[in-house]
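Student: Please walk me through this model, feature by feature. I want to know how to read each one.

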Amino acid sequence: MSHPYDGLQEKCRTLRLAETAKELPNFLREAEAKGWTYHEFIHEVLSYEMRCRERKTSEKLMKWAEFPEVLTFEQFRLEEQTAIGEKQLNVLKELSWIDNRFTLIMMGPTGAGKTHLSTALGIHAIER
């Protein structure tokens, strides 16, 4: 016996809304329980699909980047660096160099933090 949601889920899959198709029964139950308006329902469904797509895109970009490790700015010890200051780091974090298609060249001795900084910038760019 076919469930009443099956037709709607198939339409979602046809429209390439795969995550929404999976969660549609839960959304419909929640909408009924909370008395959502049509606007609220559509907003929740589309927001959910967008979040899922953003997450999948981020995961795909992280895989493609093949970072040696997951190194973030939270782990980066700026006070231990002598080659870059807080102002320079904040300018790099703005990522305007990507929009302007500039190439960053990081030079320094072993252990200076080049890989950490490069990876943190890459992860930061993916997240944004």
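Tutor: Begin with the surface. The protein chain has an accessible surface of about 9900 Å², and 55% of that belongs to carbon and sulfur atoms. Such areas come from the Shrake-Rupley method with a 1.4 Å probe; for residues, only the protein chains shown count as cover. This is a predicted model: local features need pLDDT of at least 70, side-chain atom pairs count only at pLDDT 80 or more, and totals for chains, interfaces and linings use all residues. Residues are numbered from 1 along each chain as its sequence is written, and side-chain values use heavy atoms, with hydrogens and water left out.

Student: How many helices and strands are there in the protein chain?

Tutor: Six helices and zero strands. Helices (H or I, at least four residues) and strands (E, at least two) are DSSP runs, numbered from the N terminus.

Student: What radius of gyration does the protein chain have?

Tutor: The radius is taken over C-alpha atoms; the globule rule is 2.2 Å times the number of residues to the power 0.38. A compact globule of 128 residues would come near 14 Å, but the protein chain has 22 Å. Its C-alpha atoms fill a box of roughly 70 × 25 × 25 Å along the principal axes.

Student: Which residues form the largest nonpolar core?

Tutor: In soluble globular proteins, nonpolar side chains tend to be buried together. A nonpolar core is a set of buried Ala, Val, Leu, Ile, Met, Phe, Trp, Tyr and Cys residues joined through side-chain atoms within 4.5 Å. Buried means under 20% relative accessible area, exposed over 50%, partly exposed in between (1.4 Å probe, protein chains only). The largest core here has 12 residues, among them Tyr 5, Leu 24, Trp 36, Phe 41 and Cys 52. H2 and H3 are the elements that give two or more residues to this core. H2 supplies the largest share, five residues. Apart from it lies another core, of 10 residues, including Phe 76 and Trp 97.

Student: How many aromatic pairs are there?

Tutor: A pair of aromatic rings is described by the distance of the centres and the angle of the planes. Rings of Phe, Tyr and Trp (its six-membered ring) pair if their centres lie within 6.5 Å; planes under 30 degrees apart count as stacked, over 60 as edge-to-face and the rest as tilted. The count is one aromatic pair. The centres of Phe 27 and Tyr 48 are 5.3 Å apart and their planes are at 70°, so the pair is edge-to-face. It links Phe 27 in helix H2 (residues 18-34) with Tyr 48 in helix H3 (residues 38-65), 21 residues apart.

Student: Are Phe 27 and Tyr 48 buried or exposed?

Tutor: Both Phe 27 and Tyr 48 are buried.
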